[in-house]
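Biologist: Please put the model up. I have some questions about it.

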Amino acid sequence: MKKDETSRRASWSGIAEQLEYWIESGRLQAGQRLPSEESLAKELGCHRDTLRTAIRCLAGEGKLTRRKGSGFTVAMPRFRRNLYDFEPLWYFLQQNRRQFTSRVISMERLKPVPRVTRLLKLNEAGEAYRLCRLRFLDGTPAILETTYLSALRVRDLERFDLAKNSLFEIMATEYGIYADSGNQTLSITYADEMEAELLQIPVLQPLLLLRGVTRDDYGIPIESFSAVIRNDQFGFEGILRAGEPDSRELV
């Protein structure tokens with residue numbers, strides 16, 4: 001990289017770090033609109049193009065949000081969850097005093113695609129319920145989740161209100177199925193038109209993609225799930241410890 005290119009990169013990254021410090025220190029608070037480009041650039045002693053690059057960087061990291069017609073505002077603090085946590089998401093949100101609600105987009109019984117058939121260990125004629133729910137964090141659409149469950153194991157699942165009741169609790173109390181283990185992968189995807197409309201974001205905005213399988217205490221698959229998640233609402237982290245390696249691993 002040429003010297004002048006390195007200098008430009010260092011310049012905007014330094015501005016981004018300064019803005020991030022203002023957010024973390026409370027000088028810029030969640031929901032607050034950023035001052036004008038002119039005043040910010042003057043205070044930070046930088047070119048407006050440099051400032052715009054820094055702001056785009058922070059927006060891409062979910063620290064700023066852009067509202068049509070009102071510029072950039074400081075994003076609400078993201079809920080951060082350990083990748084190894086196994087308890088249902090609603091439980092952790094309640095512990096953190098966050099409001100977590102759901103809306104059922106669709107639920108149908110069908111012959112799943114081969115990948116889901118394999119993950120749930122269904123026979124060739126086996127059917128599954130496909131449940132699609134939109135999850136809201138403090139009233140903001142944050143997660144679009146699709147879950148497949150063996151129709152043989154959870155007969156007549158449609159009789160339950162899955163917008164108001166925990167799926168894991170229903171499986172435990174009504175079907176005697178207890179979640180015990182699982183694996184999940186985390187990657188990046190981009191919002192298609194349907195996802196953008198439901199999550200109220202622009203098409204092609206980056207999203208977190210969480211996919212996995214949950215198993216019962218006998219090691220039998222309970223569900224195969226995937227979820228697209230707004231990265232301005234949620235973050236995931238792994239907790240590392242020195243010493244003997246943890247027996248758990250991401251697959």
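Modeller: This is a predicted model: local features need pLDDT of at least 70, side-chain atom pairs count only at pLDDT 80 or more, and totals for chains, interfaces and linings use all residues. Residues are numbered from 1 along each chain as its sequence is written, and side-chain values use heavy atoms, leaving out hydrogens and water.

Biologist: Where does K111 lie?

Modeller: Helices (H or I, at least four residues) and strands (E, at least two) are DSSP runs, numbered from the N terminus. Strand β4 covers 100-110 and helix α5 covers 114-119. K111 lies in the loop between β4 and α5.

Biologist: Which backbone oxygen does the side chain of K111 reach?

Modeller: The C-alpha atoms of K111 and E124 are separated by 8.9 Å, at 13 residues apart along the chain. The side chain of K111 comes to 3.1 Å from a backbone oxygen, that of E124.

Biologist: How are α2 and α3 oriented to each other?

Modeller: Axes are lines fitted to C-alpha atoms, for helices over the stretch in contact, with angles from 0 to 180 degrees between N-to-C directions. The axes of α2 (residues 37-44) and α3 (residues 48-60) come within 9 Å and cross at roughly 100°. Angles of 65 to 115 degrees count as roughly perpendicular. Therefore α2 and α3 are roughly perpendicular.

Biologist: How many disulfides does the structure hold?

Modeller: A disulfide is a pair of cysteine sulfur atoms within 2.5 Å. C46 is buried at 16%, and C57 is partly exposed at 21%. The number of disulfides is zero.

How values were computed: Parallel < 35°, antiparallel > 145°, perpendicular 65-115°, else oblique. Polar contact = N/O pair within 3.5 Å; in protein donor to acceptor, adjacent residues only side chain to side chain. Buried < 20%, exposed > 50% of the residue type's maximum accessible area, 1.4 Å probe, protein only.
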